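Open the model in a viewer and keep the sequence panel beside it. The stops below give a selection and then what is there.

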Amino acid sequence: MSLEEVLDEVRRKVTPDPEEREVVEGFARRVLSEVRDRLKGRDPDAEVELIGSVARDTWLPGASDIDVFCVFPKDRDLDEIVEITLEVGREAIEELGGEALEEYANHPYIGGEVEYRGRTFEVDVVPCYDTEPGEVITPVDRTPHHNRYVKERLENTAEARLLKAFVKAIDAYGAEARVKGFSGYLCELLVIHYGSFKEVLREAVMTWRPGFVIDLEGFVGEVYEDYGEVREKFEDQDPALIVLDPVDPQRNVAAALSKRQLTRFILAARAFLNDPSPEFFRERKLEPASGEEIRGWFEKNPAHVVAIEVRLPDEVEDIYWPQLEKTARSLSKVLENEGFEVRRWYVMRDSEEEHGYVLLEFEHGRLPVLEWRVGPAGWVREDRVRGFVRAHGKFWVEDDGKLATRAERKFVRPEDLLRRLEGADRQTLLSHGFGKDLARSSEGEVRLLSSEELAELADRDPELGKGLAEFMRGDPLSELVRDRL
């Protein structure tokens, strides 16, 4: 199939049919009406706005999120607008037959699941202020401006649907901490900027590199002197891409995007342009690894793997996931300082979100008992030389004048070091780089797992089976692109 034939076929598949459109848009109007009627009785000056992909007509078939924002005048107290929104949102969701639950992001909001014409919708009702784009009071105050910007400028919504379907299929859709991919808003801006899905892919292959700047509104030359100043502004983010927010040039819309996902996107784009196929838009369900597969992999794998189980804190995933990754990075550094060569780390969690897992893979599972240690040169301060000599006794003098010796290692296997985390208190976990919430929840509960225990966990919990499948089999993207690059 030619590129255009593939895109024509996929456009039809990712465009909701009239029947589904009637259900989704009809339900959205009903939610909006229920919230608006109640809000007018609490604050006549507040407005209600439908937000998100349904409002912008960029939703994909099967969409289930209905986001409604209560937009209040700036002179209202934050506690007051939160209280009113929680009340009207709860009443609206319950009136529609759902169960309302208070949630928390930047501030409290109300959410709930509602059944409507045989389908389950996730409804969120969120408070925000009616502000100018660059004068937000809370972070979500920008969201209505994002909504209006996209609605006014996105001419071909089918192109945004293509891009969303593409990144969703390669598991790169969403800005949450676990995914670190492309948000819906970012996809829409990219299509506005480049004009079409095809041009987004072509530009990604040709020009996107870590730190590349995309400026839709011409802020460079007005707000920023040049592109160097833009990169300097966001250098703390170590950004994969910098996409200046058209409604707030001080913000990078792509801040959550990781270099890993940027690389995966470019690989997929390159492979698709080389050999277009509808396969690039088909979501793949990763088959969980069985206990038997895991046992076989550990028997044959020449590398050495250590698995650590921790207790997750009672927090949302966007809070604990970065701490899980931080812990993996910190433990890798601690082990490397002791001479171990950490090839990679990987984190996953169980389906109940009770336990997290850090897998560390090493080039070698055992180090020599003795290591070569190099000390100070013989002509430096005497106390430094004395310290080395008295600590080690026997030494050699190297060609550069430094003293050196062989000394017994404290840890020969990574498990020797990591074993001290088992049953450890919070301070010990913090000293090894655990995130603060993870250290609190895992106090006295850290365990090192054998390969047999991992195999048993995978048999009990498909979520862990999927995580282990990815760890063992490689990135699922490799199967899609390997014959096309």
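At what angle do the axes of helix 8 and helix 10 cross? Select residues 197-207 and 259-274: the two axes come within 9 Å and cross at roughly 115°. Axes are lines fitted to C-alpha atoms, for helices over the stretch in contact, and angles run from 0 to 180 degrees between N-to-C directions. Helices (H or I, at least four residues) and strands (E, at least two) are DSSP runs, numbered from the N terminus.

Before moving on, note that this is a predicted model, in which local features need pLDDT of at least 70 and side-chain atom pairs count only at pLDDT 80 or more, while totals for chains, interfaces and linings use all residues. Residues are numbered from 1 along each chain as its sequence is written, and side-chain values use heavy atoms, with hydrogens and water left out.

**The helix pair**

Helix 8 passes helix 10 in a left-handed crossing (the near helix is turned anticlockwise from the far one by less than a right angle). Show side chains next. Helix 8 makes the contact (heavy atoms within 4.5 Å) with Phe197, Val200, Leu201, Arg202, Ala204 and Val205. From helix 10 come Phe265, Ile266, Ala269, Arg270, Phe272 and Leu273. By class, this contact has 10 nonpolar, no polar and 2 charged residues; Ala, Val, Leu, Ile, Met, Phe, Trp, Tyr, Cys and Pro count as nonpolar, Asp, Glu, Lys and Arg as charged, and the others, Gly among them, as polar.

**The cores**

Now select Leu163, Phe166, Phe182, Trp208, Phe265, Phe272 and Phe281, the residues with the most contacts inside the largest nonpolar core, which has 52 residues. Such a core is a set of buried Ala, Val, Leu, Ile, Met, Phe, Trp, Tyr and Cys residues joined through side-chain atoms within 4.5 Å, where buried means under 20% relative accessible area with a 1.4 Å probe, protein chains only. Elements giving two or more residues to this core include helix 1 (3-14), helix 6 (157-169), helix 8 and helix 10. Centre on Phe281: leaving out residues up to four places away in sequence, Phe281 touches Val6, Leu7, Val10, Leu162, Ala165, Phe166, Ala169, Phe197 and Phe272. Apart from this core lies another, of 35 residues, including Val24, Val35, Val68 and Phe121.

Select strand 4 (residues 108-116), where 7 of 9 residues are buried. Strand 4 pairs with strand 3 (residues 99-104) in the antiparallel sense over 6 bridges, and a hairpin of 3 residues joins the two. Glu103 has Tyr109 as bridge partner, and Glu102 has Ile110. To strand 5 (residues 119-129), strand 4 runs antiparallel with 7 bridges, and Gly112 stands opposite Val123. The hairpin of strand 4 and strand 5 has 2 residues between the strands; there, Arg117 takes a positive phi near 50°.

Technical notes
Buried means under 20% relative accessible area, exposed over 50%, partly exposed in between (1.4 Å probe, protein chains only). Two strands pair if DSSP finds at least two bridges between them.
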